[in-house]
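This report is an introduction to one structure for a reader who has not seen it before. The sequence and the model come first.

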Amino acid sequence: MAIIDCRNVIKIHKQGNLEVVALQGLDFTMQEGEFISVVGKSGAGKSTLLRILAGLEMPSAGKVEVAGVDLTDATGTVLTKHYRRDVGFLWQDYTRNLLPYLTVMQNIELPMLLSGVGRRRRRARARALLEATGLENHAFNRLNKMSGGEQQRLAMCVALAMGPKLLLADEPTGELDTETSLEIYELLRRMAHEAGLSVLVVTHDVALATRSDRVIRLADGQVAAPTVVHHEILRVALDGTLELPSDLRVEAGIGEHVRAEVTEEGILLRPETELNGEVPDVD
Ligand SMILES: Nc1ncnc2c1ncn2[C@@H]1O[C@H](COP(=O)(O)OP(=O)(O)O)[C@@H](O)[C@H]1O
Ligand SMILES: [Mg+2]
């Protein structure tokens with residue numbers, strides 16, 4: 001089932017007399033449980049797309065359906081409920097999800113407290129999230145005791161507190177070093193494949209992007225089709241391993257899985273999108 005369905009989405013930002021077209025006829029579908037990275041140059045429309053999917057902004061035209069909710073002509077109430085319950089949002093600046101004067105546990109409980117979830121359920125949910133993210137030893141710490149990577153993991157717990165189906169993340173590793181970024185990506189991947197969460201992450205790191213199931217590239221407010229024909233000679237190792245360079249994978253939308261098809265011309269590698277939970281173990 002599709003968790004995201006975007007058809008011909010147009011978004012025009014108005015700034016005084018100036019109009020900026022951020023999305024121009026974007027088509028995009030994402031299946032439940034997929035882990036997709038979005039790459040593209042600055043100004044390509046990545047953040048605009050995420051804000052629309054989260055219900056933080058309305059599209060100017062086109063159709064947007066997320067988690068079964070039609071966001072096209074939604075009222076403020078529908079959008080607010082969508083943002084609070086259906087999606088979780090991670091920002092590059094993880095402190096946006098966090099309150100420094102609360103403990104780790106209180107931070108995770110807060111969204112549930114505001115939605116009237118009882119104390120026992122709040123505690124149980126918070127504990128499960130802390131365990132899933134490897135933060136169980138930090139439950140009663142305050143944020144200043146935690147590293148950037150730990151704070152982003154905590155932000156993930158807060159974003160997932162209400163049990164959303166979709167996690168949207170706008171450059172969540174932008175302020176983290178390479179190793180920590182990889183850890184966050186691995187965690188997102190686990191959440192997608194083990195907990196059935198759908199994860200859409202914007203990143204400028206092309207190598208990191210290929211660690212997801214599928215990569216889409218935005219250019220000029222549209223999902224870019226591969227434009228450049230690449231001819232590259234790749235070496236096949238003795239054990240049959242073929243290494244696909246990141247730029248080639250991103251251009252072809254290939255994440256962690258490909259479908260290989262023998263054609264008359266040779267072997268065709270396509271991004272595999274229909275995982276249906278049967279994810280091969282790649283580690
Ligand atoms: N609130 C806004 N008001 C006016 N223009 C905006 C606004 N948000 C984004 N834009 C413009 O829309 C385009 C896409 O921006 P954005 O979605 O932030 O791209 P990205 O995240 O890929 O860098 C850019 O030209 C940007 O300047
Ligand atoms: Mg952006």
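## Basis

This is a predicted model, in which local features need pLDDT of at least 70 and side-chain atom pairs count only at pLDDT 80 or more, while totals for chains, interfaces and linings use all residues. Residues are numbered from 1 along each chain as its sequence is written, and chains are lettered from A and ligands numbered from 1 in the order in which they are written.

## Overall form

The protein chain has 8 helices and 12 strands. These are DSSP runs numbered from the N terminus, with helices being H or I of at least four residues and strands E of at least two.

The radius of gyration of the protein chain, taken over C-alpha atoms, is 20 Å, close to the 19 Å of the globule rule for 283 residues, so the chain is as compact as a globular protein of that length. The globule rule is 2.2 Å times the number of residues to the power 0.38. Along the principal axes, the C-alpha atoms fill a box of roughly 65 × 55 × 30 Å.

## The shell around ligand 1

Ligand 1 is surrounded by H13, Q15, V20, A22, G40, S42, G43, A44, G45, K46, S47 and T48. A residue is near the ligand if its C-beta atom, placed from the backbone, lies within 6 Å of it. Two or more residues of this shell come from each of β1 (2-15), β2 (18-31) and α1 (46-54), and α1 gives the most, with 3 residues.

By class, the shell holds 3 nonpolar, 8 polar and 1 charged residues. Ala, Val, Leu, Ile, Met, Phe, Trp, Tyr, Cys and Pro count as nonpolar, Asp, Glu, Lys and Arg as charged, and the others, Gly among them, as polar.

## Helices α3 and α4

Helix α3 (residues 104-114) packs against helix α4 (residues 119-132) at an angle of about 130°, with the axes 9 Å apart. Axes are lines fitted to C-alpha atoms, for helices over the stretch in contact, and angles run from 0 to 180 degrees between N-to-C directions. That angle makes α3 oblique to α4; under 35 degrees counts as roughly parallel, over 145 as roughly antiparallel, 65 to 115 as roughly perpendicular and the rest as oblique.

M105, I108, E109, M112 and L113 of α3 meet R122, R125, A126 and L129 of α4, where contact requires C-beta atoms, placed from the backbone, within 7 Å. This contact has 6 nonpolar, no polar and 3 charged residues.

## Helix α5 and its partners

α3 and α5 pack at about 30° with axes 7 Å apart, and are therefore roughly parallel to each other. V104, N107, I108 and P111 of α3 make the contact with L154, C157 and V158 of α5. Its residues divide into 6 nonpolar, 1 polar and no charged.

The axes of helix α5 (residues 148-160) and helix α6 (residues 178-194) come within 10 Å and cross at roughly 20°. α5 and α6 are therefore roughly parallel to each other. In α5, G148, G149, Q152 and R153 meet T180, E183, I184 and L187 of α6; this contact has 2 nonpolar, 4 polar and 2 charged residues.

Notes: Contact = placed C-beta atoms within 7 Å.
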